[in-house]
Amino acid sequence: MKTRTKNQPDFLLFVPFGLLLIVGLVMMFSASPSMALKSGDAFFFVKRHIIYILFGLFALNFGMNVDLEKLKKLAFPFLIISFALLAIVFLPGVGRTMGGASRWIDLHFISFQPGEIARFALVLFLAASLSNNPGRITDLFRGFLPPMLVVGILSAMLLMQPDMGTVVSIILISFAMLFVAGARLLHLGVVSSLAAAGIIVLSFITPYRFRRLTAFANPWKDPQGAGFHIIQSLLAVGSGGFWGVGLGASKQKFQYLPQQYADFIFAVYCEELGFVGAIILIGLYLFFFGRALKIARGASTLFENLLAVGIIFLLAVQVFTNLAV
């Protein structure tokens, strides 16, 4: 039987990948013009999205041909660089604050969130460190707590921005990688309980996070204020019914939903393509991640296995977080 070479794409992985790219681009055409008109160009976000796709395909080609052993050696320096970038966001003139959060570095010609870089840096670092001493992970002090310390420092820096969402995602990703590496369930259970307790406490003692929780629990209590966007998104999803109102026919995208082309694009998608469309989209994602995990299990080294698992969970957490908005 013919085997697949290292750099040869997996067909069953690239089919949902290609379909998801097409769906994303089509929905950007549908959801973004009403917001983009404010900039004077109805297709501003569509053009930007195409540029992002091209950059992504370039990164894909690079990733398929990169020497993973050389990448492994860069894990620690890359982690240090990501820490430095997280600190830079607080420098006046370089860091940019929006909505009370200092999460962006603004270079005038481009702005980006160092938290996104830090997530991949952490995945790379954990894959490298856990694969160097695979048997040590069961030892609480020598194997389990050192990577947890790195996760804790990174989480603290992100909470200073503040960026609770990224903190939750890196905790989930880290625990998935530690589980695959062979960490004891007792250690994972204790630390996950402490992390969950900390997140709950921070959510309740921070006013704006508490308002979000109460709005989520009962958006109808303040329908014109904190609950407005949740209600509008529910109306969008409910209006879609079984088959949807038709591609391009959403009403909620016309200034009822904020960030229609980003945070709330799934609500617009559900309104236009209905329950059937939503099931197909979620099915594509599940097939993609399931196939990716199967490929990860066949990795030739523990480092490659852990790196693949980390990247898969990084993408999966991001996807299902945005679907849940």
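Colleague: Is Tyr269 buried or exposed?
Modeller: In this predicted model, Tyr269 counts as buried, because its relative accessibility is 6%, and the cut-off for buried is under 20%.

Colleague: And which ring does Tyr269 pair with, and how do the planes sit?
Modeller: Tyr269 pairs with Phe266, and since the ring centres are 6.1 Å apart with the planes at 15 degrees, the pair is stacked. Phe266 is buried as well, with a relative accessible area of 15%.

Colleague: Where are Phe266 and Tyr269 in the chain?
Modeller: Both belong to helix 12 (residues 265-297), and because they are three residues apart there, about one helical turn separates them.

Colleague: How many aromatic pairs are there?
Modeller: The count comes to 12 aromatic pairs, and one of them is the tilted pair of Phe76 and Phe125, with 6.5 Å from centre to centre and 45 degrees between the planes.

Colleague: What does that pair tie together?
Modeller: Phe76 lies in helix 5 (residues 75-88) and Phe125 in helix 6 (residues 114-132), so the pair links parts that are 49 residues apart in sequence. Phe125 is buried, at 14% relative accessible area.

Colleague: Switching to helix packing, at what angle do helix 1 and helix 3 pack?
Modeller: Helix 1 (residues 11-31) packs with helix 3 (residues 44-65) at about 165 degrees, and their axes are 9 Å apart. That angle makes the two helices roughly antiparallel, and their crossing is right-handed.

Colleague: Which residues meet there?
Modeller: Among them are Phe14, Phe17 and Leu21 in helix 1, and Phe45, Val46 and His49 in helix 3. The residues of this contact divide into 13 nonpolar, two polar and no charged.

How values were computed: Residues numbered from 1 in each chain as written. Predicted model: local features only at pLDDT ≥ 70, side-chain atom pairs only at ≥ 80, totals over all residues. Heavy atoms only, no water. Axes fitted to C-alpha atoms, helices over the stretch in contact; angles between N-to-C directions. Helix = DSSP H or I, 4+ residues; strand = E, 2+ residues; numbered from the N terminus. Parallel < 35°, antiparallel > 145°, perpendicular 65-115°, else oblique. Left-handed = near helix turned anticlockwise from the far one by under 90°. Contact = heavy atoms within 4.5 Å. Nonpolar A, V, L, I, M, F, W, Y, C, P; charged D, E, K, R; others polar. Phe/Tyr/Trp six-rings, centres within 6.5 Å; stacked < 30°, edge-to-face > 60°. Buried < 20%, exposed > 50% of the residue type's maximum accessible area, 1.4 Å probe, protein only.
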